[in-house]
Amino acid sequence: MKRLILMRHAKTEAWVEGIDDFARALTEQGHVDARRVAEEIVALGWSPERILVSTARRARETCSEVAKVVEGERVRPMEALYLSGMRGIAEAVRQNDGASTLMVIGHNPGLHDFALSLLRDGGSRDHRSSERLNEKFPTACAALFEADEDGAFLPVHFKLADVMRARDFREADPA
């Protein structure tokens, strides 16, 4: 079974006129959220073998937090993932579909559009997850897809298994 995890970078400092968007850093809460979502992904047994990550600072910092939790992953920074559309993300996944569990850390709107496209093509194993994915794809959100086929990446084989949002775990964690 192949698995694909699509994760949006965690919460960043606000963008204001004159700030380089590419260089925006995670907030303190963003670091906590990225690690917490990664812990939940690993707890489900979904440790990625390979992580494709946008070269933007906020995505790399998110990946760094994920890597603290995940063992044995190979990280591949990809400039093409910075603000990429769904076609660019799909091409990156196709080029790296040798991993049994692949993670992509990137940006909206492309990441959300790609996740919705997979949902339309392959469907969902969980109705509530598909509703949540349709609502929005906030920072530090992860959509988990799995395919029954082990062959080459074909969107129609991937079904949505779960959607995780950092906010869900903030509310559950004791203060």
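Buried means under 20% relative accessible area, exposed means over 50%, and partly exposed is anything in between (1.4 Å probe, protein chains only). Keep that in mind for Phe 22, which is partly exposed with a relative accessible area of 30%.

This is a predicted model, where local features need pLDDT of at least 70 and side-chain atom pairs count only at pLDDT 80 or more, while totals for chains, interfaces and linings use all residues. Residues are numbered from 1 along each chain as its sequence is written, and side-chain values use heavy atoms, with hydrogens and water left out.

**View 1. The whole protein has six helices and six strands.** Helices here are DSSP runs of H or I with at least four residues, strands are runs of E with at least two, and both are numbered from the N terminus. Starting at that end, the elements go β-α-β-α-β-α-β-α-α-β-β-α. The radius of gyration is 15 Å, close to the 16 Å from the globule rule for 175 residues, so the protein is as compact as a globular protein of that length. (That radius is taken over C-alpha atoms, and the rule is 2.2 Å times the number of residues to the power 0.38.) Along the principal axes, the C-alpha atoms fill a box of roughly 45 × 40 × 30 Å. Of the 175 residues, 50% count as buried.

**View 2. Phe 22 and Tyr 82 make an aromatic pair.** Rings of Phe, Tyr and Trp (its six-membered ring) pair up if their centres lie within 6.5 Å; planes under 30 degrees apart are stacked, over 60 edge-to-face, and the rest tilted. By this rule, the protein has three aromatic pairs. For Phe 22 and Tyr 82, the ring centres are 4.9 Å apart and the planes sit at 85 degrees, so this pair is edge-to-face. The two come from distant parts of the chain, 60 residues apart: Phe 22 is in the loop between strand 1 (2-8) and helix 1 (28-43), and Tyr 82 is in the loop between strand 3 (74-78) and helix 3 (86-95). Tyr 82 is partly exposed, at 23% relative accessibility.

**View 3. Phe 153 and Phe 158 are a tilted pair.** Their ring centres are 5.3 Å apart with planes at 45 degrees, so the pair counts as tilted. Are these two residues buried or exposed? Both Phe 153 and Phe 158 are buried.

**View 4. Phe 22 has some neighbours from elsewhere in the chain.** Contact means heavy atoms within 4.5 Å. Skipping residues up to four places away in sequence, Phe 22 touches Thr 55, Ala 56, Arg 57, Arg 58 and Tyr 82. Take Arg 57: Phe 22 is 35 residues from it along the chain, yet their C-alpha atoms are separated by 6.3 Å.

**View 5. Met 86 sits in helix 3.** At 33% relative accessibility, Met 86 is partly exposed. What does Met 86 touch, not counting residues up to four places away in sequence? The answer is Gly 110, Asp 113, Phe 114 and Ser 117. From C-alpha to C-alpha, Met 86 and Phe 22 are 19 Å apart in space, and 64 residues apart in sequence.

**View 6. Ser 130 belongs to helix 5 (residues 127-135).** With a relative accessible area of 11%, Ser 130 is buried. Leaving out neighbours within four places in sequence, Ser 130 is in contact with Leu 119, Ser 124 and Leu 160.
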